[in-house]
Amino acid sequence: MKHSFYLADEQATTELAGQLANLCSRATVIYLEGDLGAGKTSFCRGFIHALGYKGRVKSPTYTLVEPYEINDWRIFHFDLYRLSDPEELEFIGIRDYFDDDCICLIEWADKGEGLLAAADLHISIEFIENSRSLTVQANNEYGQTLLSELAQK
Ligand SMILES: Nc1ncnc2c1ncn2[C@@H]1O[C@H](COP(=O)(O)OP(=O)(O)OP(=O)(O)O)[C@@H](O)[C@H]1O
């Protein structure tokens, strides 16, 4: 199951992300792909703020992962763009990031192939002139529930 959303500007990106965040009801893994500057981090920022985080959401480009604790959730925002060796993920204890109370947002997930939990949702963002098209692919039943609720908003 797949659905595309037209996002006119950055605010539309963060709003859609916030709607999705508020639908998540259990451990969730989301992969995000799109060229540099497509809006992956904007999406993650909207998602994390919608869950109630008040601070600055930094791009994890240099740290690989930024952790957030919000209510009973642990949110991990990964950016694997600079990952040179997948063993670095073993080194940071990657398996502990996919627990029952965790939501993982993973940019450039293809770089961690084989070491990451499977995605419930796979998001790809494309440029349309000065706006974006965001396509969500649901990979399992839980992902489908999230996507059909998101599409009805
Ligand atoms: N729907 C949208 N329409 C137009 N611009 C957008 C939209 N969503 C985000 N942007 C803009 O795209 C720019 C890049 O966003 P962002 O940094 O989130 O991209 P990114 O995919 O994370 O890039 P990188 O891979 O370099 O980290 C920002 O200036 C942001 O305002």
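# Core, sheet and rings

Me: What does L20 touch, not counting residues up to four places away in sequence?
Reply: Its partners are I30, F43, F47, L121, I123, L146 and L150. Contact means heavy atoms within 4.5 Å. This is a predicted model: local features need pLDDT of at least 70, side-chain atom pairs count only at pLDDT 80 or more, and totals for chains, interfaces and linings use all residues. Residues are numbered from 1 along each chain as its sequence is written, and side-chain values use heavy atoms, with hydrogens and water left out.

Me: What makes a set of residues a nonpolar core?
Reply: The members must be buried Ala, Val, Leu, Ile, Met, Phe, Trp, Tyr or Cys, joined through side-chain atoms within 4.5 Å. The largest such core here has 32 residues. Those with the most contacts inside it are L20, F43, F47, L105, I123 and L134. Its largest share, five residues, comes from α1. A second, separate core of 19 residues includes V65, F76, C102 and C104.

Me: Why is F76 called buried?
Reply: Buried means under 20% relative accessible area; exposed is over 50%, and partly exposed lies in between (1.4 Å probe, protein chains only). F76 has 7%, so it is buried. Y97 has 14%, so Y97 is buried too.

Me: How many aromatic pairs does the structure hold?
Reply: Four. Rings of Phe, Tyr and Trp (its six-membered ring) pair if their centres lie within 6.5 Å; planes under 30 degrees apart count as stacked, over 60 as edge-to-face, the rest as tilted.

Me: How do you know what kind of pair F76 and Y97 form?
Reply: Their ring centres are 4.5 Å apart and their planes stand at 70°, so the pair is edge-to-face. F76 is in strand β4 and Y97 in the loop between α3 (87-91) and β5, so the pair ties together parts 21 residues apart in sequence.

Me: What kind of pair do the rings of F78 and Y97 make?
Reply: Centres 5.4 Å apart, planes at 65°: so this pair is edge-to-face. F78 lies in β4, so the pair with Y97 ties together parts 19 residues apart in sequence. Ring pairs link F76, F78 and Y97 into a cluster.

Me: What makes R26 count as a charge over the ring of Y142?
Reply: The rule asks for NZ of Lys or CZ of Arg within 6 Å of the ring centre and within 35 degrees of the ring normal. R26 lies over the face of Y142, at 4.1 Å from the ring centre. The charged end of K111 sits over the ring of Y81, 5.2 Å from its centre.

Me: What is the strand order of the open sheet?
Reply: The seven strands run β1-β7-β6-β2-β5-β4-β3, with mixed pairing. β1 (2-7) and β3 (65-70) each have a single partner strand, so one side of each is left without a neighbour in the sheet. Twist averages 20° from one strand to the next. Two strands pair if DSSP finds at least two bridges between them.

Me: In which sense do β4 and β5 pair?
Reply: Parallel, over six bridges. β4 covers residues 73-79 and β5 covers 102-107. Helices (H or I, at least four residues) and strands (E, at least two) are DSSP runs, numbered from the N terminus.

Me: Why is α2 called mostly covered?
Reply: Eight of its 11 residues are buried. Among them are F43, C44, F47 and I48.

Methods
Axes are lines fitted to C-alpha atoms, for helices over the stretch in contact, and angles run from 0 to 180 degrees between N-to-C directions.
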